[in-house]
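Let's take a walk through a protein model together.

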Amino acid sequence: MPQLIPEVEHYSLVIEIGNMPVRVNTGDREFLRILENRYAGYVTSAKNAEIEFDVELAAPGNADPDAEVHVAQQNGKWSLTRGDFRAEWEPAKRRGWIRQTPNPFSIDAVLRIVHTLVLAKQGGFLVHAASAIRNGKAFIFAGVSEAGKTTISRLAPPDVTLLTDEISYVRRRDDGYVAFGTPFTGELAKLGENVSAPIAALYLLAKGRENRIEPVPAGEAARCLLANLLFFAEDEELVQATFYAAFEFVKRVSVSRLTFVPDARVWELIR
(Lines give C-alpha, C1' and ligand atoms only; values in the text may rest on other atoms or scores of the structure.)
Protein backbone atom coordinates (compact mmCIF):
# COMPACT_ATOMS: atom_id res chain seq x y z
CA MET A 1 0.00 0.00 0.00
CA PRO A 2 1.55 3.37 -1.01
CA GLN A 3 2.50 5.69 1.82
CA LEU A 4 0.39 8.82 2.09
CA ILE A 5 2.32 12.07 2.01
CA PRO A 6 0.85 14.54 4.51
CA GLU A 7 -0.22 17.88 3.09
CA VAL A 8 1.84 20.87 4.18
CA GLU A 9 -0.30 23.47 5.86
CA HIS A 10 -0.07 26.93 4.33
CA TYR A 11 -0.63 30.30 5.93
CA SER A 12 -1.00 33.69 4.32
CA LEU A 13 -1.53 37.36 5.06
CA VAL A 14 -1.92 40.51 2.99
CA ILE A 15 0.43 43.47 3.54
CA GLU A 16 -1.00 46.68 2.09
CA ILE A 17 1.36 49.63 1.65
CA GLY A 18 0.46 52.62 -0.52
CA ASN A 19 -2.91 51.07 -1.43
CA MET A 20 -1.09 48.12 -3.02
CA PRO A 21 -2.01 44.80 -1.33
CA VAL A 22 0.62 42.04 -1.49
CA ARG A 23 -0.23 38.51 -0.36
CA VAL A 24 2.53 36.49 1.30
CA ASN A 25 2.18 32.70 1.60
CA THR A 26 4.30 30.59 3.93
CA GLY A 27 4.28 27.08 5.34
CA ASP A 28 5.78 28.26 8.62
CA ARG A 29 3.38 29.45 11.33
CA GLU A 30 6.13 31.15 13.34
CA PHE A 31 7.27 33.15 10.29
CA LEU A 32 3.66 34.24 9.82
CA ARG A 33 3.66 35.60 13.39
CA ILE A 34 6.92 37.44 12.65
CA LEU A 35 5.29 39.11 9.65
CA GLU A 36 2.15 40.00 11.61
CA ASN A 37 4.27 41.74 14.24
CA ARG A 38 6.60 43.41 11.74
CA TYR A 39 3.78 44.87 9.63
CA ALA A 40 1.26 45.59 12.37
CA GLY A 41 -1.14 48.22 11.05
CA TYR A 42 -0.44 47.24 7.44
CA VAL A 43 -1.91 43.72 7.52
CA THR A 44 -5.39 43.79 5.99
CA SER A 45 -8.26 41.40 5.45
CA ALA A 46 -8.37 42.15 1.72
CA LYS A 47 -9.16 39.02 -0.31
CA ASN A 48 -7.72 40.32 -3.57
CA ALA A 49 -4.04 41.15 -3.88
CA GLU A 50 -2.20 42.86 -6.72
CA ILE A 51 0.87 40.68 -6.14
CA GLU A 52 1.35 37.29 -4.48
CA PHE A 53 4.59 35.77 -3.18
CA ASP A 54 5.29 32.24 -1.98
CA VAL A 55 8.05 32.30 0.64
CA GLU A 56 10.43 29.39 1.11
CA LEU A 57 12.56 29.57 4.22
CA ALA A 58 16.22 28.55 4.18
CA ALA A 59 18.89 28.08 6.84
CA PRO A 60 20.86 31.30 7.57
CA GLY A 61 24.19 29.86 6.43
CA ASN A 62 26.44 32.66 5.17
CA ALA A 63 23.58 35.04 4.36
CA ASP A 64 24.81 38.62 4.08
CA PRO A 65 22.08 41.30 4.24
CA ASP A 66 24.71 43.97 3.48
CA ALA A 67 25.63 42.44 0.12
CA GLU A 68 24.89 44.36 -3.07
CA VAL A 69 21.37 44.17 -4.48
CA HIS A 70 20.86 43.03 -8.07
CA VAL A 71 17.55 43.64 -9.84
CA ALA A 72 17.16 42.74 -13.52
CA GLN A 73 14.42 41.75 -15.95
CA GLN A 74 14.55 38.98 -18.52
CA ASN A 75 11.73 37.43 -20.56
CA GLY A 76 9.10 39.27 -18.55
CA LYS A 77 10.42 38.14 -15.17
CA TRP A 78 12.20 40.22 -12.55
CA SER A 79 15.10 38.62 -10.68
CA LEU A 80 15.93 40.08 -7.25
CA THR A 81 19.00 38.93 -5.32
CA ARG A 82 20.97 39.93 -2.26
CA GLY A 83 23.18 37.99 0.11
CA ASP A 84 20.21 36.96 2.26
CA PHE A 85 17.52 36.30 -0.37
CA ARG A 86 16.68 35.29 -3.93
CA ALA A 87 13.35 36.21 -5.47
CA GLU A 88 11.54 36.21 -8.77
CA TRP A 89 8.47 38.19 -9.78
CA GLU A 90 6.43 37.92 -12.99
CA PRO A 91 4.23 41.04 -13.35
CA ALA A 92 2.00 39.53 -16.05
CA LYS A 93 0.97 36.75 -13.69
CA ARG A 94 1.17 38.98 -10.58
CA ARG A 95 3.01 36.18 -8.80
CA GLY A 96 6.47 35.43 -7.55
CA TRP A 97 8.55 33.51 -5.02
CA ILE A 98 11.10 34.40 -2.37
CA ARG A 99 13.75 32.16 -0.86
CA GLN A 100 15.14 33.74 2.30
CA THR A 101 16.23 33.19 5.87
CA PRO A 102 13.46 33.33 8.54
CA ASN A 103 13.66 37.06 9.34
CA PRO A 104 11.57 40.11 8.41
CA PHE A 105 14.46 42.11 6.95
CA SER A 106 14.79 40.11 3.73
CA ILE A 107 11.13 40.36 2.78
CA ASP A 108 11.29 44.04 3.76
CA ALA A 109 13.86 44.55 1.01
CA VAL A 110 11.85 42.56 -1.53
CA LEU A 111 8.72 44.62 -0.83
CA ARG A 112 10.63 47.90 -1.19
CA ILE A 113 12.13 46.79 -4.51
CA VAL A 114 8.81 45.59 -5.94
CA HIS A 115 7.05 48.78 -4.89
CA THR A 116 9.71 50.88 -6.66
CA LEU A 117 9.22 48.86 -9.85
CA VAL A 118 5.45 49.33 -9.77
CA LEU A 119 5.61 53.02 -8.84
CA ALA A 120 8.17 53.87 -11.54
CA LYS A 121 5.63 53.07 -14.26
CA GLN A 122 2.99 55.17 -12.53
CA GLY A 123 5.06 58.31 -11.96
CA GLY A 124 5.60 57.68 -8.25
CA PHE A 125 8.55 56.61 -6.13
CA LEU A 126 10.03 55.73 -2.76
CA VAL A 127 12.42 58.33 -1.37
CA HIS A 128 14.82 58.54 1.56
CA ALA A 129 12.76 61.05 3.49
CA ALA A 130 10.65 61.54 6.56
CA SER A 131 7.05 62.56 5.96
CA ALA A 132 4.14 63.69 8.07
CA ILE A 133 0.60 65.03 7.87
CA ARG A 134 -0.51 68.31 9.40
CA ASN A 135 -3.88 70.01 8.86
CA GLY A 136 -4.77 67.45 6.18
CA LYS A 137 -1.61 68.10 4.13
CA ALA A 138 1.48 65.94 3.78
CA PHE A 139 5.03 67.30 4.01
CA ILE A 140 8.15 65.43 2.92
CA PHE A 141 11.58 66.02 4.49
CA ALA A 142 14.37 64.62 2.33
CA GLY A 143 18.07 64.42 3.03
CA VAL A 144 21.13 62.25 3.20
CA SER A 145 22.14 60.46 6.40
CA GLU A 146 22.44 62.86 9.37
CA ALA A 147 20.55 65.61 7.50
CA GLY A 148 17.85 65.57 10.19
CA LYS A 149 15.05 63.22 9.06
CA THR A 150 14.86 61.48 12.43
CA THR A 151 15.36 64.73 14.34
CA ILE A 152 12.51 66.58 12.66
CA SER A 153 10.28 63.51 13.14
CA ARG A 154 11.12 63.36 16.84
CA LEU A 155 10.37 67.09 17.24
CA ALA A 156 6.91 66.85 15.65
CA PRO A 157 4.12 68.30 17.86
CA PRO A 158 1.01 66.29 18.89
CA ASP A 159 -1.12 67.54 15.97
CA VAL A 160 1.27 65.93 13.46
CA THR A 161 0.76 62.38 12.14
CA LEU A 162 4.04 60.70 11.29
CA LEU A 163 4.04 58.70 8.06
CA THR A 164 7.69 57.61 8.30
CA ASP A 165 11.06 58.82 9.54
CA GLU A 166 13.03 57.02 6.81
CA ILE A 167 11.34 56.01 3.53
CA SER A 168 8.44 58.01 2.12
CA TYR A 169 5.92 56.59 -0.33
CA VAL A 170 4.74 58.91 -3.14
CA ARG A 171 1.97 58.15 -5.63
CA ARG A 172 0.96 60.37 -8.52
CA ARG A 173 -2.66 61.40 -8.91
CA ASP A 174 -4.31 63.44 -11.69
CA ASP A 175 -4.48 66.50 -9.48
CA GLY A 176 -1.11 66.11 -7.73
CA TYR A 177 0.72 63.68 -5.47
CA VAL A 178 -0.22 61.72 -2.36
CA ALA A 179 2.07 60.54 0.46
CA PHE A 180 1.31 57.28 2.26
CA GLY A 181 2.50 55.91 5.56
CA THR A 182 5.08 53.12 5.45
CA PRO A 183 6.34 50.44 7.86
CA PHE A 184 9.94 51.14 6.74
CA THR A 185 11.55 52.69 9.80
CA GLY A 186 14.73 54.57 10.63
CA GLU A 187 16.28 55.41 14.00
CA LEU A 188 12.90 55.97 15.64
CA ALA A 189 12.09 52.29 15.02
CA LYS A 190 8.42 53.31 14.90
CA LEU A 191 6.07 52.31 12.09
CA GLY A 192 4.37 55.19 10.34
CA GLU A 193 0.62 55.56 10.50
CA ASN A 194 -1.16 53.75 7.66
CA VAL A 195 -2.90 56.87 6.32
CA SER A 196 -2.38 59.25 3.39
CA ALA A 197 -2.76 62.90 2.37
CA PRO A 198 -2.04 65.14 -0.62
CA ILE A 199 1.52 66.47 -0.66
CA ALA A 200 1.83 70.21 -0.04
CA ALA A 201 5.63 70.58 -0.06
CA LEU A 202 9.00 68.87 -0.20
CA TYR A 203 11.67 70.22 2.13
CA LEU A 204 15.38 69.54 1.57
CA LEU A 205 16.83 69.36 5.07
CA ALA A 206 19.93 71.11 6.37
CA LYS A 207 21.00 71.79 9.94
CA GLY A 208 21.99 75.35 10.81
CA ARG A 209 21.96 78.09 13.44
CA GLU A 210 18.49 79.37 12.65
CA ASN A 211 15.18 78.17 11.25
CA ARG A 212 14.51 79.38 7.71
CA ILE A 213 12.91 78.27 4.46
CA GLU A 214 14.40 79.17 1.08
CA PRO A 215 13.05 78.31 -2.40
CA VAL A 216 15.10 75.92 -4.51
CA PRO A 217 15.36 76.23 -8.34
CA ALA A 218 13.69 73.40 -10.25
CA GLY A 219 16.95 71.97 -11.63
CA GLU A 220 18.59 71.77 -8.22
CA ALA A 221 15.39 70.43 -6.68
CA ALA A 222 15.23 67.60 -9.22
CA ARG A 223 18.91 66.69 -8.68
CA CYS A 224 18.45 66.58 -4.92
CA LEU A 225 15.30 64.49 -5.22
CA LEU A 226 16.98 62.03 -7.60
CA ALA A 227 19.90 61.67 -5.19
CA ASN A 228 17.49 60.45 -2.51
CA LEU A 229 15.25 58.14 -4.56
CA LEU A 230 15.31 54.41 -3.94
CA PHE A 231 15.85 52.60 -7.20
CA PHE A 232 17.54 49.27 -7.84
CA ALA A 233 16.63 48.06 -11.34
CA GLU A 234 19.12 47.60 -14.16
CA ASP A 235 16.52 48.65 -16.71
CA GLU A 236 16.88 51.62 -19.07
CA GLU A 237 13.15 52.15 -19.55
CA LEU A 238 12.44 52.37 -15.83
CA VAL A 239 15.50 54.54 -15.22
CA GLN A 240 14.14 57.05 -17.73
CA ALA A 241 10.69 56.82 -16.16
CA THR A 242 12.21 57.58 -12.74
CA PHE A 243 14.04 60.65 -14.06
CA TYR A 244 10.81 61.86 -15.64
CA ALA A 245 8.90 61.26 -12.39
CA ALA A 246 11.38 63.37 -10.41
CA PHE A 247 11.22 66.31 -12.83
CA GLU A 248 7.43 66.16 -13.01
CA PHE A 249 7.21 66.13 -9.21
CA VAL A 250 9.32 69.29 -8.74
CA LYS A 251 7.26 71.05 -11.43
CA ARG A 252 4.02 70.38 -9.57
CA VAL A 253 5.05 70.47 -5.90
CA SER A 254 6.69 73.29 -3.94
CA VAL A 255 10.34 72.47 -3.10
CA SER A 256 12.31 74.47 -0.53
CA ARG A 257 15.42 74.11 1.58
CA LEU A 258 14.57 73.92 5.27
CA THR A 259 17.49 74.91 7.46
CA PHE A 260 16.73 74.30 11.09
CA VAL A 261 18.00 74.21 14.62
CA PRO A 262 17.17 70.94 16.41
CA ASP A 263 14.32 72.56 18.31
CA ALA A 264 10.55 72.03 18.18
CA ARG A 265 10.06 75.63 17.04
CA VAL A 266 10.95 74.60 13.50
CA TRP A 267 7.44 73.17 13.20
CA GLU A 268 6.04 76.70 13.46
CA LEU A 269 7.18 77.11 9.82
CA ILE A 270 5.46 73.95 8.59
CA ARG A 271 1.73 74.38 8.06
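Before we look at the sheet, here's one term to settle: two strands pair if DSSP finds at least two bridges between them. Keep in mind, too, that this is a predicted model.

Now for the sheet itself. It is an open sheet of 8 strands, in the order β3-β1-β2-β4-β8-β7-β6-β5, and the pairing is mixed. Which strands sit at the edges? They are β3 (43-44) and β5 (70-74), each of which pairs on one side only. Helix α2, residues 104-120, packs on this sheet and touches β1, β2, β4, β5, β6, β7 and β8. The direction of helix α2 makes about 30 degrees with that of β7.

Strands β1 and β3 pair in the antiparallel sense over 2 bridges, and Ile15 stands opposite Val43 in β3. While you're here, find Ser12, which is in strand β1 (residues 11-17). Is Ser12 buried, partly exposed or exposed? With a relative accessible area of 37%, Ser12 is partly exposed. Leaving aside residues up to four places away in sequence, Ser12 touches Arg23, Val24, Asn25 and Leu32.

Next up: charges. Side chains of opposite charge can pair when their charged atoms come close. A search of the whole structure finds 15 salt bridges. One of them joins Glu52 and Arg95, with the closest N and O atoms 3.2 Å apart. That pair links distant parts of the chain, since Glu52 is in strand β4 and Arg95 is in strand β8, 43 residues apart. Arg95 counts as partly exposed, at 36% relative accessibility.

Let's go back to helix α2, where Arg112 lies. Arg112 is linked with Arg38 and Asp108 in a network of salt bridges. Why does Arg112 count as buried? Its relative accessibility is 18%, and buried means under 20%. Not counting residues up to four places away in sequence, Arg112 touches Leu126, Ile167, Phe184 and Leu230.

The side chains of Glu248 and Arg172 meet in a salt bridge, at 3.7 Å from N to O. Because Glu248 lies in helix α5 and Arg172 in strand β12 (residues 167-173), the pair ties together parts that are 76 residues apart in sequence. Glu248 also forms a salt bridge with Lys251, where the closest N and O atoms are 3.0 Å apart. Glu248 and Lys251 are 3 residues apart in helix α5, so about one helical turn separates them. As for cover, Glu248 is buried at 11% relative accessible area, Arg172 is partly exposed at 29%, and Lys251 is exposed at 61%.

Finally, look for Phe247, also in helix α5 (residues 236-252). Phe247 counts as partly exposed, at 40% relative accessibility. Together with Val239 and Phe243, Phe247 makes a nonpolar surface patch of about 250 Å².

Note on methods: Residues are numbered from 1 along each chain as its sequence is written. This is a predicted model: local features need pLDDT of at least 70, side-chain atom pairs count only at pLDDT 80 or more; totals for chains, interfaces and linings use all residues. Side-chain values use heavy atoms; hydrogens and water are left out. Helices (H or I, at least four residues) and strands (E, at least two) are DSSP runs, numbered from the N terminus. Buried means under 20% relative accessible area, exposed over 50%, partly exposed in between (1.4 Å probe, protein chains only). Contact means heavy atoms within 4.5 Å. Patches are made of residues with over 30% relative accessible area and no salt bridge: like charges are joined within 9 Å, nonpolar side chains (Val, Leu, Ile, Met, Phe, Trp, Tyr) within 5 Å. Accessible areas come from the Shrake-Rupley method with a 1.4 Å probe; for residues, only the protein chains shown count as cover. A salt bridge is a side-chain nitrogen of Lys or Arg within 4 Å of a carboxyl oxygen of Asp or Glu. Axes are lines fitted to C-alpha atoms, for helices over the stretch in contact, and angles run from 0 to 180 degrees between N-to-C directions.
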